[in-house]
Amino acid sequence: MSPRAGQAGHSPRTLAFVESPVQLLNVLEWAHLHGLHGASPDPLPSVPAQVRRTVAEGPPRTDAELTVVVLAPTDPMTRGQLRRMADLARDEGHRVRWEEARGGTTAPFATIGGLAGPLRRADRVVMGDPFSRYVQLLLTITRARELVVVDDGTATMEFVAQLARGERLVRWHRKGGRPGARDVLFAPVSSSARRRLTPSAGRRVEVFSSMPVTETPEGVTVTANDFAWTRRRFGPPRITKGADMVGTSLVETGVVDGDHYLEAVRTLAKTHGATRYFAHRRESTDKLHRLAAETGLEIVRPDLPLELIARRGPIGRTILSFPSTVVHTLPLALVGTGVRVAVCDIDPTWLTETASPRAQGFLSGVTGTARGVHRLEAVAVGLA
């Protein structure tokens, strides 16, 4: 895809919609690769940062080619990381528009109404989560001739496969269950979004991903994300002698049993000498308190995506993880540092009774397709 698509002499108006810190990170990586320029240097260097931020959130900066629209969630952890990432986006010269998209019953209507004009004028729309109902609704408004999907973690693998097979867009951990009433009501919008994400004579579609793409939909351009912006902007990190562990939200999404997960974490930490546990932003406070009390691990709640935290350092010489996005992204962000990423398989006995029938196969695929990682066998846990 050309970074200068559109009319001659015209910089395309690009709108990016993000709902998570990782999505915003990958928008910055995409913009860096495609040469989207930020605004000119800050004309108010002597003005305090908070005032400069207010100016940046005010009238449009006409020299910025990319506007990032944050559809803010309600979760405090995610909001905090998103605000830090928004500051990094502004530092790169991009405009950031923060929308309290979930701030009450009328918030969605106000958000969509306020975005209708910019959406119709946009030449290119970038999105981090094509499964998001919010994003799918916004896609029904846009007339953009270029659509870009940037990584939202392992869900990108499932999105590309479903698009290639012409299936309805359903998150992998929900697939196999019966559609709920809201799913049925939203089905026409979801179908419309899937059609818009299918390339045509008048519409180009790009997937920008660090995930392995085994089924490429016809006409879709797949571009590799190698975290060049992250490596340029941060590090190299200081490497410690010990091991660090990366948390997962598989318990919170109902895939893995909480007791089995705790025992697996305890066993891995003891076996590999891990001392720190980097919590996933969706992990519950009660679960983290229990992990700290029963494993002795120091619980770290990162204020940025783990790729940036690891790149800044300090970070352990070994990073332990269960199947998740980071087994694909950390080796790229940490290339050349000597850090080893080790991934532990999920034993089928850890899965809950309500887990999707596809859960085990999908998680095994996440691990099996990861490049540059050391694979560990599932640990035995002493539960009846």
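The lining of the largest cavity comprises 6 nonpolar residues, 1 polar residue and no charged ones; Ala, Val, Leu, Ile, Met, Phe, Trp, Tyr, Cys and Pro count as nonpolar, Asp, Glu, Lys and Arg as charged, and the others, Gly among them, as polar. The lining residues are Phe 17, Leu 119, Val 125, Val 135, Leu 138, Leu 139 and Thr 142. Helix H5 (residues 133–139) supplies the largest share, 3 residues. The volume of the largest cavity is about 30 Å³, and a search of the whole structure finds 1 cavity of 30 Å³ or more. A cavity is a set of points, on a 1 Å grid over the protein atoms alone, where a 1.4 Å probe fits but cannot get out, and lining residues have an atom within 4 Å of a point. Volume is the space filled by probe spheres set on the points, with grid points joined across faces, edges and corners.

This is a predicted model, in which local features need pLDDT of at least 70 and side-chain atom pairs count only at pLDDT 80 or more, while totals for chains, interfaces and linings use all residues. Residues are numbered from 1 along each chain as its sequence is written, and side-chain values use heavy atoms, with hydrogens and water left out.

Helices (H or I, at least four residues) and strands (E, at least two) are DSSP runs, numbered from the N terminus. Two helix pairs are described next.

The axes of H1 (residues 21–33) and H3 (residues 76–91) come within 8 Å and cross at roughly 15°. Axes are lines fitted to C-alpha atoms, for helices over the stretch in contact, and angles run from 0 to 180 degrees between N-to-C directions. H1 and H3 are therefore roughly parallel to each other (angles under 35 degrees; over 145 is roughly antiparallel, 65 to 115 roughly perpendicular, the rest oblique). On the H1 side, the contact (heavy atoms within 4.5 Å) is made by Pro 21, Leu 24, Leu 25 and Leu 28. By class, this contact of H1 with H3 has 9 nonpolar, 2 polar and no charged residues.

For H9 (residues 258–272) and H10 (residues 285–295), the axes come within 10 Å and cross at roughly 40°. That makes H9 oblique to H10. Their contact includes Asp 259 and Arg 266 of H9 and Lys 287, Arg 290 and Glu 294 of H10. It divides into 4 nonpolar, 1 polar and 5 charged residues.

| Cis peptide bond | Omega |
|---|---|
| Gly 235 to Pro 236 | about 5° |
| Gly 313 to Pro 314 | near -5° |

Pro 236 lies in the loop between helix H8 (228–233) and strand E8 (239–246).

Notes
1 Å grid on protein atoms, 1.4 Å probe; cavity = no way out; pocket = protein on both sides within 12 Å on 5 of 7 lines; lining within 4 Å.
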